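Hi,

Here is the structure I promised to pass on.

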Amino acid sequence: MSLAAVTRLELRRLAVRPLAWALAALTIAWLAWTFVLGLGQFLGMQVKLAAVADAPGFTDLVAIPLLAELVKLSFLVVPLMTMSLIAGERRTGTLALLASTGLPAWRIVIGKYLAVLAWLALWLLATLAMPLIVGASGSADWGKLAAATLGTALVLATLAAIGLACSAATAFPAIAAAMALIITLALWTIDRGAQAAGINGGFLDWLTMATHLQNLLRGLVTSVDVLWFVLVIALSLTLAIRRLGTDRERQ
């Protein structure tokens with residue numbers, strides 16, 4: 001079975017899962033409501049903003065907050081989407097059947113990961129459609145919006161990799177979701193203790209996910225920030241692959 005076949009198989013499974021459709025419908029509805037409220041507030045501030053030099057525009061006040069809201073929702077949505085990818089199959093015994101075909105562990109993990117990325121990409125595109133339609137009139141800062149979109153996409157890809165690694169570590173989907181949520185929150189707030197002690201910067205600041213996302217949301221794209229997400233994704237997928245490889249050696 002090829003990598004593309006594993007991806008297609010997982011996409012078909014996602015397509016028939018009620019949870020995936022329910023999460024998509026509920027979150028898009030919430031994001032649409034958030035966008036309408038933000039746009040209404042922005043339009044109501046037009047007179048005040050016109051009198052301020054270098055005032056924030058549509059991108060800063062509407063589009064980027066919408067993407068930030070998507071990131072917040074992803075802390076819960078992505079663990080729920082990934083919790084059964086491997087843990088569910090291990091619990092039902094289908095993972096052993098898949099491994100018995102001689103399929104390498106890396107192909108199983110990457111195939112499932114690509115399928116989740118495809119679902120998350122559609123989720124992101126559905127969200128982006130709202131500010132893109134309104135911003136098409138020329139009121140959007142396309143460079144800043146592109147940087148914010150890149151940051152959001154990297155966060156989604158990172159959370160998917162973490163969720164997949166957690167799913168590979170257990171046979172209980174609920175435990176996998178809880179582990180992914182805890183790890184995500186830890187990475188998001190790991191520098192809070194240092195800040196409370198009056199220490200800013202340093203390794204803990206670099207280790208914090210929020211530090212790198214905020215730079216991208218401000219329109220600042222640096223190799224350091226992108227590299228942080230790439231490293232976490234690579235580490236998570238490597239751990240998932242090694243865990244499946246260990247299972248195969250024990251059989």
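A word on terms before the rest: I call a residue buried under 20% relative accessible area, exposed over 50% and partly exposed in between (1.4 Å probe, protein chains only). This is a predicted model, so local features need pLDDT of at least 70 and side-chain atom pairs count only at pLDDT 80 or more, while totals for chains, interfaces and linings use all residues. Residues are numbered from 1 along each chain as its sequence is written, and side-chain values use heavy atoms, with hydrogens and water left out.

**Overall**

The chain has 13 helices and 0 strands; these are DSSP runs numbered from the N terminus (helices H or I, at least four residues; strands E, at least two). Of the 251 residues, 44% are buried. Among contacts (heavy atoms within 4.5 Å) with a separation of 6 or more, 77% come from residues 24 or more positions apart. The accessible surface is about 12200 Å², and carbon and sulfur atoms hold 71% of that (Shrake-Rupley method, 1.4 Å probe; for residues, only the protein chains shown count as cover).

Helix H1 covers residues 3-15 and spans 18 Å from first to last C-alpha, close to the 18 Å expected (1.5 Å times one less than the number of residues). Its buried residues are Ala5, Val6, Thr7, Glu10 and Leu14, and they pack against helix H2 (18-44), helix H4 (58-82), helix H5 (87-92) and H7.

Glutamate 10 is the one I'd click on, buried with a relative accessible area of 5%. Glutamate 10 forms a salt bridge with lysine 112 at 2.7 Å between the closest N and O atoms (the rule: a side-chain nitrogen of Lys or Arg within 4 Å of a carboxyl oxygen of Asp or Glu). That pair links helix H1 to helix H7, 102 residues apart, and lysine 112 is buried too, at 1%.

Glutamate 10 also meets arginine 13 in a salt bridge, 3.6 Å from N to O. These two sit 3 residues apart in helix H1, about one helical turn. Arginine 13 is partly exposed at 30% and has another salt bridge, to glutamate 89, at 2.3 Å. Glutamate 89 lies in helix H5, so this pair ties together parts 76 residues apart in sequence. Shared partners join Glu10, Arg13, Glu89 and Lys112 into one network. The count for salt bridges comes to 5.

**Aromatic pairs**

I get 4 aromatic pairs in the whole structure (Phe, Tyr or Trp rings, six-membered ring for Trp, centres within 6.5 Å; planes under 30 degrees apart are stacked, over 60 edge-to-face, the rest tilted). One of them is tryptophan 119 with tryptophan 123: centres 6.0 Å apart and planes at 35 degrees, so tilted. Both lie in helix H7 (residues 105-135), 4 residues apart, and both are buried. Tryptophan 228 and phenylalanine 229 make an edge-to-face pair, 5.0 Å centre to centre with 85 degrees between the planes.

Helices H11 (202-207) and H13 (223-250) each give two or more residues, and H13 gives the most, with 4. Tryptophan 206, in helix H11, is partly exposed at 32%.

Cheers
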